[in-house]
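Opening the notebook on a new chain today. I want the overall layout down before I get into any packing.

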Amino acid sequence: MQTDSGISAILTSLSVCIDLLVMLGTEPRMVALFSLLLCAGVIDYRTHKIPNWLTLSGTAVALIYAAFVPFTPVHGFIWALGGMTIGFVLLVPFYVLKVMGAGDVKLMAMTGAFLGASDAFNAVIATFIVGGIASIFFAAYHRVFGRMISNVKAVTELMLISAATGVKAGSPTQVVQSVGKLPYGVSIGIGTTGYVIATQLGII
């Protein structure tokens, strides 16, 4: 029985790998996106910056590709533009509050352009989940977990005040202490890639 279970697990793994290879072989859009995300993640990890040449050129490629090779017969350039807008709008408040870099926002906008309007939102949610988990481990490793919780509370309060009053409530840098810089480009890459793969395999 154990042998049969082992063989079944191997066959399942091979099937998953084949499915992923088929997806990459038939969808150059995803090959380009994964390559750009990998590049951005490595650069962000090493330098804590995501260069404009990568995000802007990647966004341009995504929009042009969607114009000539639509996602579906009815979803093309506008669909990609919608995805780009969703990625940008959902992350830009964190940039305004100075808890996220401009490069992170541009990278998520680029990712949205590749995924289209229907998947951009879910990719952002997956990114937030990965980023939250990474932040917890990062803070625990550097023994600044308590400070991180205080920072999250302060930023949340500022966001609620801004949402309620419609007025920018100041910068969180005035009330929080740094716990170190987490390369969020890595979280965007892992979250987006994980979401795309999970969708392809029918997990979500």
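This is a predicted model: local features need pLDDT of at least 70, side-chain atom pairs count only at pLDDT 80 or more; totals for chains, interfaces and linings use all residues.

I read along the sequence and wrote down α-α-α-α-α-α-α-α. That is 8 helices and 0 strands, taken as DSSP runs numbered from the N terminus (helices H or I, at least four residues; strands E, at least two).

Numbering runs from 1 along each chain as its sequence is written, and side-chain values use heavy atoms, without hydrogens or water.

Next I looked up burial. Of the 204 residues, 33% are buried, meaning under 20% relative accessible area with a 1.4 Å probe, protein chains only. The chain exposes about 11600 Å² (Shrake-Rupley, 1.4 Å probe), and carbon and sulfur atoms supply 70% of that.

Then contacts, meaning heavy atoms within 4.5 Å. Of those with a separation of 6 or more, 71% join residues 24 or more positions apart.

How do α4 and α5 pack? I found helix α4 (residues 77-96) and helix α5 (residues 102-115) at an angle of about 160°, axes 6 Å apart; axes are lines fitted to C-alpha atoms over the stretch in contact, and angles run from 0 to 180 degrees between N-to-C directions. That makes the pair roughly antiparallel, the word for angles over 145 degrees.

Who touches whom? On the α4 side I listed Gly83, Gly87 and Phe88, among others, and facing them in α5 are residues including Val105, Met108 and Gly112. The contact divides into 11 nonpolar, 3 polar and 1 charged, with Gly counted as polar.

Terms used: Buried means under 20% relative accessible area, exposed over 50%, partly exposed in between (1.4 Å probe, protein chains only). Angles under 35 degrees count as roughly parallel, over 145 as roughly antiparallel, 65 to 115 as roughly perpendicular and the rest as oblique.
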